2 protein chains.
Amino acid sequence: MSSQKLQVLVLGVGLVGKQVIHQLLSDLPTHLASQFSIVWLANSKQRLHVAAGLTGTAEDALSQLSKTEPHGLSLSKVIEEIVELAEGSRGKYLFVDNTSSQDVANLYPTLVGAGIHLVTPSKKAFSSSATLYADIFRAATQSKAIVLREATVGAGLPIISTLDDLINTGDTILKIEGVLSGTLSFLFNEYSQPKPTTTTTTTTTPFSQILRGAKEAGYTEPHPGDDLNGSDVARKLTILARMIPSLSNSDLLKEGFLSVPTQSLVPAALQDIQDGSDFVQKLPDFDADFAKQNKEAAQAGCVLRYVGVLDPQSGHIKAGLERYPFDHPFASSLSGSDNIISFTTKRYSPNPLIIQGAGAGAAVTAMGVVANAIKIAQIVLPL
Amino acid sequence: MSSQKLQVLVLGVGLVGKQVIHQLLSDLPTHLASQFSIVWLANSKQRLHVAAGLTGTAEDALSQLSKTEPHGLSLSKVIEEIVELAEGSRGKYLFVDNTSSQDVANLYPTLVGAGIHLVTPSKKAFSSSATLYADIFRAATQSKAIVLREATVGAGLPIISTLDDLINTGDTILKIEGVLSGTLSFLFNEYSQPKPTTTTTTTTTPFSQILRGAKEAGYTEPHPGDDLNGSDVARKLTILARMIPSLSNSDLLKEGFLSVPTQSLVPAALQDIQDGSDFVQKLPDFDADFAKQNKEAAQAGCVLRYVGVLDPQSGHIKAGLERYPFDHPFASSLSGSDNIISFTTKRYSPNPLIIQGAGAGAAVTAMGVVANAIKIAQIVLPL
């Protein structure tokens with residue numbers, strides 16, 4: 001075991017950030033825990049620098065942070081400080097971005113260019129402009145910094161690493177298809193269930209009512225329109241598509257997720273409603289539209305699922321509502337807010353490789369982040 | 001990109017071995033292909049040493065090998081030669097064992113002890129005695145050699161790496177359950193299908209007939225009893241169980257797969273039949289027994305699946321025939337010879353993390369091997 005440690009810098013101490021700290025401080029087996037030292041912790045208001053590395057629990061760490069003076073700095077100033085901190089010790093610092101800030105994402109090229117390794121569950125940097133994406137990986141190549149992002153799609157599920165392995169070993173991706181939004185998974189798993197055709201006339205709970213329940217349980221964004229517009233799925237598709245050589249080299253995703261044809265489930269008439277509660281209040285007016293689609297699908301022996309589909313051969317990428325036969329895994333084996341993704345490849349066909357499970361939540365998201373951190377330590381620290 | 005390469009030594013050039021060579025020589029993207037140099041190739045009869053590294057196709061390589069003089073050496077002598085070859089250049093050699101030879105597996109401690117990294121799809125070393133297992137990893141720790149074995153369970157499916165990530169990030173494994181034998185998956189997917197209870201009286205194809213078809217299609221071992229006895233599943237369970245700290249430290253798996261309670265589907269009266277065709281000939285006598293079990297399961301709304309189950313909390317490990325309700329993923333979403341595995345953990349519960357797909361076949365098995373080789377190159381070669 002090496003006595004060297006990876007110096008960890010954590011930005012963002014919300015639900016996921018706290019779990020990341022908890023796993024690093026308390027959950028890892030000893031031989032792995034000894035590879036990390038959390039030396040810096042911050043949110044937009046405060047920061048804590050502990051050169052010797054944090055000890056104790058995540059709660060202790062957050063309590064210490066809360067007692068510091070407000071830094072009063074812009075995020076770019078904070079990042080500037082980190083770059084200074086890491087200077088001269090290239091390759092030994094790991095930045096963990098637990099924010100979902102586009103401003104922080106925009107600074108990744110600076111961070112990575114300084115030789116700081118990066119792990120994040122944030123989709124922002126990898127699903128916005130092609131320029132930012134290229135800048136990050138160009139900087140990484142030059143500085144030999146490692147950038148990993150398992151938790152950006154399906155949280156802790158091994159989706160990014162599996163796609164990486166398929167591509168790296170020379171398989172050809174024929175189709176990727178998945179229920180990638182936990183919220184939309186939950187809504188349609190509740191709303192559209194496989195049923196014998198004889199019962200298709202049975203009334204189901206109206207869509208708006210299921211959404212209301214989900215919002216009250218905290219399963220949706222504060223404004224549920226931010227789930228229903230499909231942008232989360234479009235962002236995840238962008239991240240996956242950019243890993244596939246034939247798509248990453250095209251102009252197809254120049255504007256990132258904005259370039260993905262995305263079906264919004266927000267009724268046109270409700271598009272300008274700013275308040276989430278107002279939105280939920282008015283959604284029942286559109287229940288008949290949802291019911292019609294659901295009934296038509298059921299009559300065809302199908303359920304509705306909001307999916308992302310990616311076909312590298314034709315270059316088609318899209319996010320939207322699709323029908324799946326009752327015995328399709330997306331229809332039959334999905335429950336709760338689970339994600340499911342299927343990879344049909346030259347090697348995995350006709351039957352695809354399927355991965356399913358919780359694709360959101362603090363503990364599993366942090367797992368994706370921490371598993372990536374462990375991989376970086378394995379590569380960077382001497383054997 | 002580093003100019004250093006991992007020197008690859010390949011033993012075994014059957015279906016999987018040839019695919020491994022093919023992927024390394026022809027399938028990898030350029031930046032990864034440049035990290036490997038296949039310098040040695042052998043089977044039990046011949047060997048080829050190309051210090052400059054093989055070029056051309058896998059066919060070229062095998063043709064070159066076929067033209068060499070028979071080495072006339074025992075396997076331990078061959079391994080001795082490799083150890084000499086690798087001497088003085090520790091950490092730059094990777095041995096790929098594509099045989100399923102217990103003799104070769106027994107020599108892993110010697111190989112790994114010489115600082116030679118090891119990747120293999122062979123279950124032998126990791127599912128036999130606890131002594132051999134401990135010797136391999138003790139040798140690896142001392143010499144800093146890396147031993148990876150993704151393809152030993154579920155071929156290229158990310159099963160070992162996922163279990164590794166779960167454990168490494170501090171999750172608690174509550175249950176692992178899986179259809180882990182492609183052959184047994186195929187047999188029971190054909191024989192025992194989810195059906196509305198009204199049709200449970202419909203006659204299904206007799207078990208022996210499905211087995212006969214599978215044997216003729218080359219899906220079974222030459223003697224199908226070697227599939228039906230469950231030892232393949234018991235071996236895979238052993239490999240998984242040994243990764244779980246609470247089980248690996250116990251005496252539970254002292255004799256490896258022989259220590260796993262395993263239900264054999266070979267009728268007692270047929271246990272001594274040495275010839276595969278004789279066996280298939282006599283199996284129809286026992287169709288009524290299989291049919292009875294299948295009917296009883298169907299009447300309870302269930303199908304039969306041959307699974308491996310592992311419960312670290314109670315220490316229970318077993319391989320055998322189990323019933324699953326029609327809407328369970330093992331019943332509803334499985335087809336062909338697919339493997340499926342579900343991990344129920346502290347973080348992934350009540351809904352488990354599920355991985356499904358082809359768990360056998362040369363191309364996907366080689367993918368697991370080559371993905372492991374890429375990981376080792378990433379760790380070992382300078383950034």
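Buried means under 20% relative accessible area, exposed over 50%, and partly exposed in between, using a 1.4 Å probe and protein chains only. By that rule Gly17(A) is buried, with a relative accessible area of 2%. This is a predicted model: local features need pLDDT of at least 70, side-chain atom pairs count only at pLDDT 80 or more, and totals for chains, interfaces and linings use all residues. Residues are numbered from 1 along each chain as its sequence is written, chains are lettered from A and ligands numbered from 1 in the order in which they are written, and side-chain values use heavy atoms, with hydrogens and water left out.

**Annotated site in chain A**

- The UniProt record (unreviewed entry) places the feature "binding site" at Gly12(A), Val13(A), Gly14(A), Leu15(A), Val16(A) and Gly17(A). Such annotations may be inferred rather than shown by experiment; positions are given in the numbering used here, and feature names are shortened.
- Leu15(A) lies in helix α1 of chain A. Helices (H or I, at least four residues) and strands (E, at least two) are DSSP runs, numbered from the N terminus.
- Gly17(A) is also placed in α1 of chain A.
- Leu15(A) counts as exposed, at 72% relative accessibility, whereas Gly17(A) is buried.

**Salt bridges**

- Over all chains, the structure holds 24 salt bridges. Each is a side-chain nitrogen of Lys or Arg within 4 Å of a carboxyl oxygen of Asp or Glu.
- One of them brings together the side chains of Asp27(A) and Arg347(B), at 3.4 Å from N to O. Asp27(A) lies in helix α1 (residues 15–27) of chain A and Arg347(B) in the loop between β10 (338–345) and β11 (353–358) of chain B, so the pair joins two chains.
- Asp27(A) is partly exposed, with a relative accessible area of 25%. Arg347(B) counts as buried at 14%.
- In chain A, Lys236(A) bridges to Asp232(A), with the closest N and O atoms 2.9 Å apart. Both lie in helix α13 (residues 231–241), 4 residues apart, about one turn of the helix.
- Lys123(A), Asp232(A) and Lys236(A) are linked in a network of salt bridges.
- In chain B, Lys236(B) and Asp232(B) form a salt bridge, their closest N and O atoms 2.9 Å apart. They are 4 residues apart in α13 of chain B, about one helical turn. Lys236(B) is buried, with a relative accessible area of 6%.

**Second largest pocket**

- The second largest pocket is lined by 45 residues; Lys123(B), Glu221(B), Asp232(B), Ala360(B) and Gly361(B) lie nearest its centre.
- A pocket is an open set of points on a 1 Å grid over the protein atoms alone, where a 1.4 Å probe fits, with protein on both sides within 12 Å along at least five of seven lines; lining residues have an atom within 4 Å of a point.
- The lining divides into 13 nonpolar, 22 polar and 10 charged residues. Asp, Glu, Lys and Arg count as charged; Ala, Val, Leu, Ile, Met, Phe, Trp, Tyr, Cys and Pro as nonpolar; the others, Gly among them, as polar.
- α13(B) gives the most to this lining, with 4 residues.

**Sheet in chain A**

- In chain A, 6 strands form an open sheet with mixed pairing, in the order β3-β2-β1-β4-β5-β6. Two strands pair if DSSP finds at least two bridges between them.
- β4 (residues 93–97) and β5 (residues 117–119) of chain A run parallel, joined by 3 bridges. Phe95(A) stands opposite Leu118(A) in β5(A).
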